[in-house]
Amino acid sequence: MSRVYLTGAGPGDIELLTMKAHRVITQADVVIYDRLANPEILDMAKNGCKFVYVGKEDGKHTLPQDEINEVIYQNALKYEVVVRLKGGDPFVFGRGGEEGAYLHKHGIKYDIIPGITSAISVPAYAGIPVTHRGIAVSFHVVTAHESPNKKESQIPWENFKTDDTIIFLMGLRNLPKISTKLMEIGKPNDYPCAVISRGTTKEQKVIVGTLENIVEKTKGIPSPALIVVGKVVSLREQLKWFEQ
Ligand code: SAH
């Protein structure tokens, strides 16, 4: 009886993989993986394990999601241990829910193995705590993949008037719109924000700025990158442990 493991690969640093993820990867007959999953993880697989790349580049999809669902299903018909490896956590903008529902519909058993999401770990490696006593009592994790100016925008801009932390994933391309929109809802032009590229890896780059100058300062920064907006960004001065 085959089993699929919808598995979080963590944000990049290979040691941020969970022990459970490590176990199923070593047992896998096939690993179906994304662009964001650190490829070094594949070295953990046993000899003869098959690898299937279904990665997505920023914006363009190598395979549409319904085809990925079908690839997972077809592999589950053929192999006993199927690992679907995804960057970060499978349920944080990872479409793991759609994959699980598809398997359920076809009667395939599966486990979810949560991963450390980039949303909190990438700021942590930049020395930015997403909450901090007296500064931020909550944090929002937002997909900025859509255009914030589109009529159908689902981003709840009005919720961002407090000083709580906002973490935008998939937002690099929309950074000009994000910063403009936040100033429009009343945040000061010099409000702190940071862009972190390739977080938790040796290529990690952190750019700190303000809503007004962050677009200019981050021109050409490589993806994947996330955006942190909030007063917690200033704590980095004391907390940037990873770069030191
Ligand atoms: N499921 C993933 C998120 C998928 S969306 C998770 O839980 O982390 C992909 C977005 O995640 C990217 O566009 C980027 O904004 C962010 N991201 C993922 N890994 C990152 C990294 N190492 N550094 C910076 N941002 C990262």
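The axes of α2 (residues 65-78) and α3 (residues 96-105) come within 10 Å and cross at roughly 50°. Such axes are lines fitted to C-alpha atoms, for helices over the stretch in contact, with angles from 0 to 180 degrees between N-to-C directions. The helices and strands themselves are DSSP runs (H or I of at least four residues for helices, E of at least two for strands), numbered from the N terminus. This is a predicted model, in which local features need pLDDT of at least 70 and side-chain atom pairs pLDDT 80 or more, while totals for chains, interfaces and linings use all residues. Residues are numbered from 1 along each chain as its sequence is written, and side-chain values use heavy atoms, with hydrogens and water left out.

Back to the helix pair: the crossing of α2 and α3 is right-handed, in that the near helix is turned clockwise from the far one by less than a right angle. On the α2 side, Gln 65, Ile 68, Asn 69, Glu 70, Ile 72 and Tyr 73 meet Glu 98, Glu 99, Tyr 102 and Leu 103 of α3, where contact means heavy atoms within 4.5 Å. Sorted by class, this contact has five nonpolar, two polar and three charged residues. Here Ala, Val, Leu, Ile, Met, Phe, Trp, Tyr, Cys and Pro count as nonpolar, Asp, Glu, Lys and Arg as charged, and the others, Gly among them, as polar.

Glu 99 also turns up in a salt bridge with Arg 84, the closest N and O atoms being 3.2 Å apart. That pair ties together distant parts of the chain, with Arg 84 in strand β4 (residues 81-86) and Glu 99 in helix α3, 15 residues apart. The structure holds eleven salt bridges, each a side-chain nitrogen of Lys or Arg within 4 Å of a carboxyl oxygen of Asp or Glu.

Helix α3 lies across β1 (3-8), β4 and β5, running at about 175° to β1. These strands belong to an open sheet of five, in the order β3-β2-β4-β1-β5 and with parallel pairing; two strands pair if DSSP finds at least two bridges between them. β3 (50-53) and β5 (109-113) sit at the edges with a single partner strand each, so one side of each has no neighbour in the sheet. From one strand to the next, the twist averages 20°. Strand β2 (residues 30-33) is joined to β3 by four bridges, the two running parallel, and Tyr 33 stands opposite Tyr 53 in β3.

A cis peptide bond, with omega about 0°, joins Ser 223 and Pro 224, and Pro 224 is in the loop between α6 (214-217) and β10. Arg 198, in the loop between β8 and β9, has a positive phi of about 50° although it is not a glycine.
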